[in-house]
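The sequence and model are shown below.

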Amino acid sequence: SRGPCVGAISGDTTRKNKQRICTALPMALILASTSPIRLKLLRSAGLSVETVAPRVDEASVRDALVAEGALPRDITDTLAEMKARKVAEKRPGDLVLGCDQVLEFDRRPFSKPEGPAEARDQLRQLRGQSHKLLSAIVAYEDAQPVWRHVAEARLTMHQISDGYLDDFVTRNWDSIRHSVGGYKIEEEGVRLFSAITGDYFTILGLPLLPLLAWLGTKGMIAR
């Protein structure tokens, strides 16, 4: 199987004159996730990626870590590593990426809302306040952890009205149920915010720039 590669286009941008510069790995690049947005980000960056569901009971692990008093940063890092390890055990010859995201508010982690009522409750707590999104990634090679990174973004929400909040959840539930905090800034959710500090990719759940830098430093992708 072929590993990740990135394309470089020559000065002539006609289709027949495009040149692809690619570093092929003797291993496949595996995303231990079924997240469509993470897969899209990686493929848009020119990487050839497979996805494998990690089959980790995230809710049980998260609840246990919270009960032990683990910090949100440690929770997201632990979950990312567990996902990568689970898949790497079955694909030891490949480069496996495990990812996770946790919302931290008032030193507490928020998870994906289980229903519209929980989404409304989360948004009521967040409105008029600042919170963090912590996005972790852990890479496994030869079934061993070889690199990890936790990126952070800070978001400040408007003091949105109850009416708009309720209508927002009703209109967007099918989409926001997949997101911690009950919003997506790449959609209508961006209207909830007065200020955002941090990397856009981090907010979407993937520290893409640090990952690409690491792959480039190791000579795994062309530059």
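In helix α7 (residues 208–217), the buried residues are Leu208, Leu211, Leu212, Trp214, Leu215 and Gly216. Buried here means under 20% relative accessible area, exposed means over 50%, and partly exposed lies in between (1.4 Å probe, protein chains only). Helices (H or I, at least four residues) and strands (E, at least two) are DSSP runs, numbered from the N terminus. The cover over the buried residues of α7 includes the elements α1 (36–44), β3 (95–105), β5 (130–141), β6 (144–157) and α6 (200–203). Following α7 is glycine 219, with a positive phi near 75°.

The model is a predicted one, in which local features need pLDDT of at least 70 and side-chain atom pairs count only at pLDDT 80 or more, while totals for chains, interfaces and linings use all residues. Residues are numbered from 1 along each chain as its sequence is written, and side-chain values use heavy atoms, with hydrogens and water left out.

**Packing of α4 and α5**

Two packed helices are described by the angle between their axes and the distance between the axes. Helix α4 (residues 116–126) packs with helix α5 (residues 162–176) at an angle of about 140°, and their axes are 10 Å apart. Axes are lines fitted to C-alpha atoms, for helices over the stretch in contact, and angles run from 0 to 180 degrees between N-to-C directions. The two helices are therefore oblique to each other; angles under 35 degrees count as roughly parallel, over 145 as roughly antiparallel, 65 to 115 as roughly perpendicular and the rest as oblique.

| Helix | Residues in the contact |
|---|---|
| α4 | Pro116, Ala119, Arg120, Leu123, Arg124 |
| α5 | Asp162, Leu165, Asp166, Phe168, Val169, Thr170, Trp173 |

Seven of the residues in the contact of α4 with α5 are nonpolar, one is polar and four are charged. Ala, Val, Leu, Ile, Met, Phe, Trp, Tyr, Cys and Pro count as nonpolar, Asp, Glu, Lys and Arg as charged, and the others, Gly among them, as polar.

**Aspartate 106**

Aspartate 106 lies in the loop between β3 and β4 (108–110). Its relative accessibility is 60%, so aspartate 106 counts as exposed. Aspartate 106 and leucine 126 are 20 residues apart in sequence, with a C-alpha to C-alpha distance of 9.7 Å.

**The chain as a whole**

The protein chain contains seven helices and seven strands, in the sequence order β-α-β-α-α-β-β-α-β-β-α-β-α-α. Of its 223 residues, 48% count as buried.

Key
Contact = heavy atoms within 4.5 Å.
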